[in-house]
Amino acid sequence: MVSDALRRALVDSGDPDPRPLPVWVAELLCRVEAPPRLAAHLRLVHDVAWRLVGWVERAYPGLEFDREAVLFGAATHDIGKVAHPEELSGPGHAHELGGYELLYDSGVAAEMARFACTHGTWAQPGLPVEDLLVCLADKVWKGVRVEQLENLVVARLVAAEGGRREPWEVFAGLDDVLTDLAADADMRLAFQARHPVAGDAVPRW
């Protein structure tokens, strides 16, 4: 049975009113009885990724990337915390492989399940741009800026432009959109915090 707390996390429209998760992802979270706070977190990162890829598509139409893969990755990146709920409030990487296994066992192709593992390994050489964008969304949703990660994304955008734009110019545009996204970080953190870790707990509103 799906807890009322999880249902609230999936549909809560309070500020910042994040977009709903893809239906399949929401249904999976219900089947595995995900912690409400995890569902809220995934909605927030998915919403930031949606805004980020929208900007990329408008500003860099020459960049070839899989928009839906980015959104799926953002919506599922931390799903392994279902099996490792202690990592909802503390550090740890066990949820990365755990998330991959959960998704793969649920019928998700390895190519898509990979985001559960790669969202914490953005410095790995040769990571696809889709993975870098998921990593970026997973940082900036809470206002965190990582220069090295942003530089990796800038390099991909510069390459997509065939050298027609200087790196500093590309970074300036990315910086603007990330600054705008980070501006709502406190609101997102408050949204996440009002959903409990345990499904049968009463949230503090």
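Is Asp184 buried, partly exposed or exposed? Asp184 is partly exposed, with a relative accessible area of 32%, where buried means under 20% relative accessible area, exposed over 50%, and partly exposed in between, with a 1.4 Å probe and protein chains only as cover.

Before going on, a word on the model. What we have is a predicted model, in which local features need pLDDT of at least 70 and side-chain atom pairs count only at pLDDT 80 or more, while totals for chains, interfaces and linings use all residues. Residues are numbered from 1 along each chain as its sequence is written, and side-chain values use heavy atoms, with hydrogens and water left out.

Back to Asp184, then, which sits in the loop between α10 (167–182) and α11 (185–193); helices here are DSSP runs of H or I with at least four residues, numbered from the N terminus. Together with Asp15, Asp17, Asp176 and Asp180, Asp184 forms a negative surface patch, a patch being made of residues with over 30% relative accessible area and no salt bridge, with like charges joined within 9 Å.

Asp15 is joined to Pro16 by a cis peptide bond, with omega at about 10 degrees, and Pro16 lies in the loop between α1 (4–11) and α2 (23–31). Asp17, in the loop between α1 and α2, has a positive phi of about 50 degrees although it is not a glycine, and at 43% relative accessibility Asp17 counts as partly exposed. Glu33, which is placed in the loop between α2 and α3, has a positive phi as well, near 55 degrees, and Glu33 is exposed, with a relative accessible area of 55%.

That brings us to helix α3, residues 36–59, whose 24 residues should span 34 Å at 1.5 Å a residue, and whose end C-alpha atoms are 35 Å apart, which agrees; the expected span is 1.5 Å times one less than the number of residues. Of those 24 residues, 19 are buried, so α3 is largely enclosed by the rest of the structure.

Let me turn to salt bridges, of which the structure holds 10, each being a side-chain nitrogen of Lys or Arg within 4 Å of a carboxyl oxygen of Asp or Glu. One of them joins Glu57 and Arg67, at 3.3 Å from N to O, and this pair links distant parts of the chain, with Glu57 in helix α3 and Arg67 in helix α4 (residues 67–76), 10 residues apart. Both ends are partly exposed, Glu57 with a relative accessible area of 34% and Arg67 with 22%. By contrast, Lys81 and Asp78, whose side chains meet in a salt bridge at 3.4 Å, are both buried. Glu161 and Arg165 form another, with the closest N and O atoms 3.0 Å apart; here Glu161 counts as buried at 8% relative accessibility, whereas Arg165 is partly exposed at 25%.

I will finish with a residue in helix α8 (residues 129–140), namely Ala137, which counts as buried at 0% relative accessibility. Ala137 and Trp55 are 82 residues apart in sequence and 12 Å apart in space, taken from C-alpha to C-alpha.

Note on methods: Patches are made of residues with over 30% relative accessible area and no salt bridge: like charges are joined within 9 Å, nonpolar side chains (Val, Leu, Ile, Met, Phe, Trp, Tyr) within 5 Å. Accessible areas come from the Shrake-Rupley method with a 1.4 Å probe; for residues, only the protein chains shown count as cover. Lys and Arg count as positive and Asp and Glu as negative; His and the chain ends are not counted. The place of a charge is taken as NZ of Lys, CZ of Arg, CG of Asp or CD of Glu. Helices (H or I, at least four residues) and strands (E, at least two) are DSSP runs, numbered from the N terminus.
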